[in-house]
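Here are my notes on this chain, written as numbered points. I hope they are handy to keep beside the viewer as you look around.

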Amino acid sequence: MEKKSIRLASHAGSWYSDDEDKLNGQLSDWLKVATITFPDRKARAIIGPHAGYSYSGAVAAYSYKHIVPTGIKRVFVFGPSHHVSVDGCALSTQTHYETPLGELTLDSEVIKKLYDTKLFGKMTKSVDEAEHSIELHLPYIAKMFHDQLSTVKIVPVLVGSAQKDQSEQYAQIFAKYLDNDENFFIISSDFCHWGKRFSYQWHDPNHGDICDSIEWLDRQGMSIIETLSPEQFRKYRKKYENTICGRNPILLLLHTIQASSGKWELKFVDYAQSSKCKSKSDSSVSYAAGVLWPAGDSSNSSSSTSSSSSKETKTKKKEEASGGKRKREKD
């Protein structure tokens with residue numbers, strides 16, 4: 001029997017509440033406010049933020065609201081690395097992940113199969129616990145799968161930089177899981193990190209104030225991601241250098257979609273900024289919620305959804321998102 005080893009919830013109590021009842025209540029409140037874009041469609045992957053919950057928790061709810069847990073046995077979580085350089089992808093060495101809402105079990109069998117390909121590195125426990133991009137999704141996973149915590153398993157994947165051919169190799173591996181509806185994929189990413197402290201201050205006055213210019217830039221990226229083309233997303237990144245921290249996990253998803261046997265549709269359903277930048281001395285981080293469905297499950301969707309839900313979010317976040325340490329905004 002494999003010896004139990006637990007990754008501690010190292011960011012609980014700072015980036016989000018470590019109190020079970022309080023955290024559960026916050027997630028419930030955000031999920032109540034969030035809407036489902038297409039109720040008759042079953043999502044197969046989501047893109048969601050990983051900042052402190054006082055900043056991004058409400059936006060993440062718009063992604064998680066689309067999860068239908070029934071029939072899902074395994075959840076892959078693709079997260080970027082913020083603290084160590086990762087060549088390709090790395091996997092956890094732990095057997096369980098702690099959350100204030102209960103433990104999540106890692107799929108050791110699938111992880112071993114991935115290791116056996118010789119394409120994956122290993123995350124040490126210290127690297128695993130220092131990284132927040134995967135952890136910030138764990139309470140939502142525990143919440144959405146609370147009736148299946150004893151059976152659903154997770155596969156955390158730390159995604160670093162990779163050449164196109166390397167990304168395509170990983171995509172061939174993950175595509176077979178995407179093609180099977182027993183699997184679900186969560187892609188962890190914030191969008192534009194704007195300000196001097198992020199070494200990024202792109203502003204096109206043709207698009208209005210700095211905050212409006214940032215939103216235009218992010219929505220350009222979101223629209224390109226919706227085309228499902230990794231090549232176009234690379235061109236966008238090269239042109240604008242938008243500081244999307246989860247660009248590598250997003251690229252891996254897009255390559256995986258290309259390698260799969262199905263036809264897919266991805267739409268962004270919510271967007272917000274941590275603050276509204278008006279001057280060069282300001283800073284902000286953007287958050288977006290995206291959903292992937294098999295194409296043709298329902299009526300044709302419209303990109304205008306993203307714009308309308310953005311207005312709801314701006315009002316909602318003023319009412320619900322308060323407090324929080326400044327550091328929790330940054331990633």
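**Notes on the chain**

1. The buried residues of helix α3 (108-116) pack against β3 (74-80), β4 (89-92), β6 (104-106), β7 (120-123), β8 (153-159) and α6 (164-178). Contact here means heavy atoms within 4.5 Å. Helices (H or I, at least four residues) and strands (E, at least two) are DSSP runs, numbered from the N terminus.

2. A word on the basis: this is a predicted model, where local features need pLDDT of at least 70 and side-chain atom pairs count only at pLDDT 80 or more, while totals for chains, interfaces and linings use all residues. Residues are numbered from 1 along each chain as its sequence is written, and side-chain values use heavy atoms, with hydrogens and water left out.

3. Back to α3: Val 110, Ile 111, Leu 114 and Tyr 115 are its buried residues, where buried is under 20% relative accessible area, exposed is over 50% and partly exposed lies in between (1.4 Å probe, protein chains only). Seen down the axis of α3, these buried residues fall within an arc of 145°, so they line one face of the helix; the arc is that of the directions from the helix axis to the C-beta atoms. An α-helix has 3.6 residues a turn, so residues three or four places apart point the same way. On the other side of α3, Glu 109 and Lys 112 are exposed. After the helix comes Lys 118, with a positive phi near 70°.

4. Of the contacts with a separation of 6 or more, 84% are between residues 24 or more positions apart.

5. How many aromatic pairs are there? The count comes to 19, taking rings of Phe, Tyr and Trp (its six-membered ring) as paired if their centres lie within 6.5 Å, with planes under 30 degrees apart called stacked, over 60 edge-to-face and the rest tilted. Trp 30 and Tyr 53 have ring centres 6.0 Å apart and planes at 85°, so this pair is edge-to-face. Trp 30 belongs to helix α1 (residues 20-33) and Tyr 53 to helix α2 (residues 53-64), so the pair ties together parts that are 23 residues apart in sequence. Both residues are buried.

6. Tyr 64 and Tyr 140 make a stacked pair, 4.7 Å centre to centre with 10° between the planes. This pair links distant parts of the chain, with Tyr 64 in helix α2 and Tyr 140 in helix α5 (residues 138-144), 76 residues apart. Tyr 64 is buried at a relative accessible area of 0%, and Tyr 140 is buried at 1%.

7. Ring pairs also join Phe 76, Phe 78, Phe 120, Tyr 170, Phe 174, Tyr 177 and Phe 185 into a cluster. As for charges, the end of Lys 122 sits over the ring of Tyr 115, 5.2 Å from its centre, and that of Arg 7 over the ring of Tyr 97, 5.5 Å from its centre. The rule asks for NZ of Lys or CZ of Arg within 6 Å of the ring centre and within 35 degrees of the ring normal.

8. Is strand β11 (residues 264-273) mostly covered or exposed? Mostly covered: 10 of its 10 residues are buried. β11 pairs with strand β12 (residues 284-294) in the antiparallel sense over 9 bridges, where pairing needs at least two DSSP bridges between the strands. Lys 267 has Val 291 in β12 as its bridge partner.
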